[in-house]
Amino acid sequence: MNDMLDRLQRDFGISDITERKPTLTTLKVDKDSAERLIRELRDRENYTHLNFMTCIDYIEDGIFTLVYMLHNYDKQHGLGIHVDIGRENAEMTSIHTLWAQAWTYQRELREMYGISFPGSPRVNDDFCLEGWDQIPPMRREFDTKKFSQERFGHREGRHSEVPRDQMKVELYPNRGGDEK
Amino acid sequence: MTPFSKKIVTGHSSALDFAQPEPVDLSSGKYVKLWQGPQHPGITGNMSLELTLDGDTIIDCKTHVGYLHRGFEKLMERRTFIQNFTVVCRIAVPEPTFNEYLYSAAVEELSGIEVPERAVWLRTMNLELMRLASFLMWIGGMSGAFGQYTVPNWTLAYRDYVLDLFEEMTGARIYHMYIVPGGVRAGLPDGFEERARAIMDGTEKLLDQIERVMFNNIVFKARSKGLAVIPPEMIDPYGIVGPNARACGVERDLRKDEPYLAYEHLDFDVITGSDSDAYERAYLRLQETRQCVSLIRQCLDKAPTDGPFQADMPNVLHWKVPAGETYVKAECTRGEYGYYMVTDGTEFVRRVHVRGPSYTHAIAVMERLAVGNNIADIAGMMVSLHTYPPEIER
């Protein structure tokens, strides 16, 4: 493991290597080297399984951190590859030629965070949100409560009753709530 | 490690061309566009398939989701850690327990909380009961997709018996909210073990009957054998996991590969098949359902009957989880189910990503396998992949 990480540090300039637990290590790599690193890990280091792709919005730093979680079935070890990209005009190299499910993740990230992946199939098709006209909803600045109040309007909550009093009034008006 | 994993082609070969099919000229009058779902008895949950047909033959398939999107991952970023635990179980209706467990496991890992041994066993039993209930529902769905409506009546009745056990154990039938950070909410009620054993005995007999009625049925065999075959070289490039992968001989099961909870103390083997077609996948799941019964009995035998079932916890109303990052996973009925969690030291989670096997099984895999098949087989094909839309949209 250490030999591999040393080599990757030399060849791809990886940084922030952190062992989260014996079966999971995370590291950071530049945007420009990320696709080559992931391809290398898949083809030479046997990290053949893409668990998922996701994104973390660090709005306070003005960046999105893309996370590629890879798994090596021989070593039963996971590698979380972190790639920072700017929030403004966010764009990342597509990995849809490496795994068949990658384009779906990229399509979701385009819709939920507004990150573009040039060349990725169907990336601009709606994924979950048909006809969405707001900012991408997984961005931290998207306020779900404000959106729902504006879109659907305010509705008073249900009027609650004390069950026994309600029974007296509605169900047993002639018996004063005494059902005997 | 399976010998197949060594042979898997991870390159970009012609057999694994991920390119999207070219759109056809619908105005030519040669093709028909047909939507299967979202409201259709032959669809798994609320999703739809946009099919392009040349006669009866599917020449293009596109999966559409979004009918169930409730934004759980976003909701979780705005709720405290204890509030989230009532949300996660709603992500997957037929298997809420896996969400409860994985959310709790991620929080515990980041907080350094040790779960008492009794809770570990109760969690294991709870997960296996969930697997049993889910498989029973799936067997019914698979049988129904091929026109046999007797088996679904049996399996749903027995699933209800399992839900009775859940009600006794947790107080709820569907959304149990039983596995909480730090342990479980309660021990077992008096007499639970006897009632659970009686239901396991009945379920075992039921599975024998299902094997005779469903798996020896000539119509089911004729229609499902050779349908939607997944070759081993598709496994890694398409991210196929669970029974869909095991049915073609890939011996991967997180309960064995990276044991969690009490699985290392349980006696079981990873069940594999040889040719992952719809029949093989179905038969493998039947065998795994039998295995569930065995695992539940083992849990009943070995689980401690006394001792704490909840660790000492901080005041959950002011609970801050240290900054960190983890990915925890478990083997659900469909394969690897995972929670990726990032915390920043506050009372709120920074990011949660829920990873479900259907994300690839229902989209990339389904779209590839459907092409060239008959429209009449699309429902059976989809059920044989065991897809759940809620885990795609989260």
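Visitor: Which residues are buried in H6(B)?
Guide: In this predicted model, the buried residues of H6(B) are Val151(B), Thr155(B), Tyr158(B), Arg159(B), Val162(B), Leu165(B), Phe166(B), Met169(B) and Thr170(B). They cover an arc of only 120° around the axis, which puts them on the same side of H6(B), the arc being that of the directions from the helix axis to the C-beta atoms. A residue is buried if 20 or more other C-beta atoms lie within 10 Å of its own, exposed if 12 or fewer, and partly exposed in between, with C-beta atoms placed from the backbone. Helices (H or I, at least four residues) and strands (E, at least two) are DSSP runs, numbered from the N terminus.

Visitor: And which residues are exposed on the other side?
Guide: Those are Asn153(B) and Asp160(B).

Visitor: What do the buried ones pack against?
Guide: They pack against helix H5 (117-145) and helix H7 (192-215) of chain B.

Visitor: What happens just after H6(B)?
Guide: There, Gly171(B) takes a positive phi of about 90°.

Visitor: Switching to chain A, what is its secondary structure?
Guide: Chain A has five helices and five strands, and from the N terminus on its elements run α-β-β-α-β-β-β-α-α-α.

Visitor: What does the C-alpha trace of chain A span?
Guide: Along its principal axes the trace spans about 85 × 40 × 30 Å, and buried residues make up 33% of the 180 residues in chain A.

Visitor: How are residues and chains labelled, and what cut-offs apply?
Guide: Residues are numbered from 1 along each chain as its sequence is written, while chains are lettered from A and ligands numbered from 1 in the order in which they are written. Local features need pLDDT of at least 70 and side-chain atom pairs count only at pLDDT 80 or more, whereas totals for chains, interfaces and linings use all residues.

Key
Two residues are in contact if their C-beta atoms, placed from the backbone, lie within 7 Å.
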